[in-house]
Amino acid sequence: MSEIYMPRLSDTMEEGVISSWVKNVGDKVASGDVLVEIETDKAVMEYEAYEDGYLVQQAVSEGDTVPIGAVIGHIGDSPDAVPEESSSKGAAAPAEEKPADSGTTGKEAPAETQDGGEGAPQPAAPTDPDGSAGTRPRSSPLARRLAREYGLDIESISGSGPKGRIVRADIEAAAKQRPAAPETAPAPSAAAPQASAGREAFDDGRDSTELQVSNVRKVIARRLTQSKQEAPHFYLRRTIDAEGLKDFRAQINAQLESTGSKISFNDLIVKACATTLRAHPEVNRSWVDEKLLQHGRINVGVAVAVEAGLIVPVLHDTDKLALSEIGERSRELAGRAREGKLKPQEMSGGTFSVSNLGMYGMDSFSAVINPPEAAILAVGAMKQQPVVRDGEVVVRNTISLELSVDHRAVDGAVGAAFLKDLAEVLENPMRIVV
């Protein structure tokens, strides 16, 4: 019998939510099979089995929040195997193993003998190893699941297993003898009072209803609150002339037309940030636990909006990637982020972030730093504006950039020098690839 533990699936993960069990109790499991989908602080991830066997217990239900290292299930050699108590619940196990007729169980045994006069048949503890109440019949997890599916009252079934335990064969036999399945219509009506009770709890004159908060949303709230409370933000703004950037992108995409690939403005900006960070390593830092960390690698994170919130996949060694690689990798990571299929290593190790709301028509905005990074670049929409060129007013395409900086790690002059050079790189985009 092997225990399944809640794994650590990201570097910031402290707990996980059981999103859905892919395998049911009694199902055969092979090494590499997906057992359960777990919602972490960043995405919903699949957790695979490491050995062959049968899933004999789901120790936690879908929707439950579980800390890292806690037992979430058991894998056994047969579908009717009964899991032993895990070490985290070891206190309950000895109680079942102490029958009242042992004569050495301390206070529990005399209490049972005085109550019923026949101490031996009655358990001294209120629970069985499978977690059911002492007055309920012993049964395997598979048997309990099958009983629920068949709509059977498990307490009315006689067990043929060891010590009268109810096993799968008993449930299936009872199901065959049953004339018809009981109706389950009353179940939905039970949910209605709960829903109305929830609404009444928020009867504040605004018709408010409490929504279920995903684990991702909770972590976003916690980490960004931490960022604003702990990191003294300051902001630097610069509007760039984007005419050269626009022409440069058109030239590259014309050359890539035969390959079916395309480069976006965001790809160019991400690459420009990596190039500029290489020239300004003092921005590629983090302030962590009263320590200033200098990062040797340049890993740019690209913010992606998903249904659950905001995910920041990371392009590792961005400065060493070609523009076409950045474009392909960014689209691949963004697609997997929206599907909730990112791997832990694809969401960790960032040293700088880019957040672009230009596609929503935002002129500019102030982004919150993604801890423990020291800076994040907010990118607005490209728009035409009148500017002075050679003493004349002309219409040019411009983009607004805003750099949010953690003053603990980066000083104002250092941040300003970085943004100045970044603007020059974007206005002379050949420097991005040279």
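Biologist: Is Asp406 buried or exposed?
Modeller: Bear in mind that this is a predicted model. Asp406 pairs with Arg408 in a salt bridge, 2.9 Å from N to O. Buried means under 20% relative accessible area. Asp406 has a relative accessible area of 2%, so it's buried.

Biologist: And how many salt bridges does the count come to?
Modeller: Side chains of opposite charge can pair when their charged atoms come close. Some of these bridges share partners, and Arg329, Glu332, Arg336 and Glu346 are joined into one network that way. The count of salt bridges comes to 16.

Biologist: How many residues apart in sequence are the parts that Lys341 and Glu37 tie together?
Modeller: These two form a salt bridge, with their closest N and O atoms 3.8 Å apart. Lys341 sits in the loop between helix 9 and strand 16, while Glu37 is in strand 4, so the parts they tie together are apart in sequence by 304 residues.

Biologist: Which residue forms a salt bridge with Asp241?
Modeller: Asp241 is in strand 9, and its partner is in strand 18, 148 residues apart in sequence. The closest N and O atoms are 3.4 Å apart, and the partner is Arg389.

Biologist: Which way does helix 8 cross helix 10, right-handed or left-handed?
Modeller: The two helices pack at about 130 degrees, their axes 9 Å apart, which makes helix 8 oblique to helix 10. Contact residues include Leu268 of helix 8 and Phe418 of helix 10. The crossing is right-handed.

Conventions: Residues are numbered from 1 along each chain as its sequence is written. This is a predicted model: local features need pLDDT of at least 70, side-chain atom pairs count only at pLDDT 80 or more; totals for chains, interfaces and linings use all residues. Side-chain values use heavy atoms; hydrogens and water are left out. Axes are lines fitted to C-alpha atoms, for helices over the stretch in contact, and angles run from 0 to 180 degrees between N-to-C directions. Helices (H or I, at least four residues) and strands (E, at least two) are DSSP runs, numbered from the N terminus. Angles under 35 degrees count as roughly parallel, over 145 as roughly antiparallel, 65 to 115 as roughly perpendicular and the rest as oblique. A crossing is left-handed if the near helix is turned anticlockwise from the far one by less than a right angle, and right-handed if clockwise. Contact means heavy atoms within 4.5 Å. A salt bridge is a side-chain nitrogen of Lys or Arg within 4 Å of a carboxyl oxygen of Asp or Glu. Buried means under 20% relative accessible area, exposed over 50%, partly exposed in between (1.4 Å probe, protein chains only).
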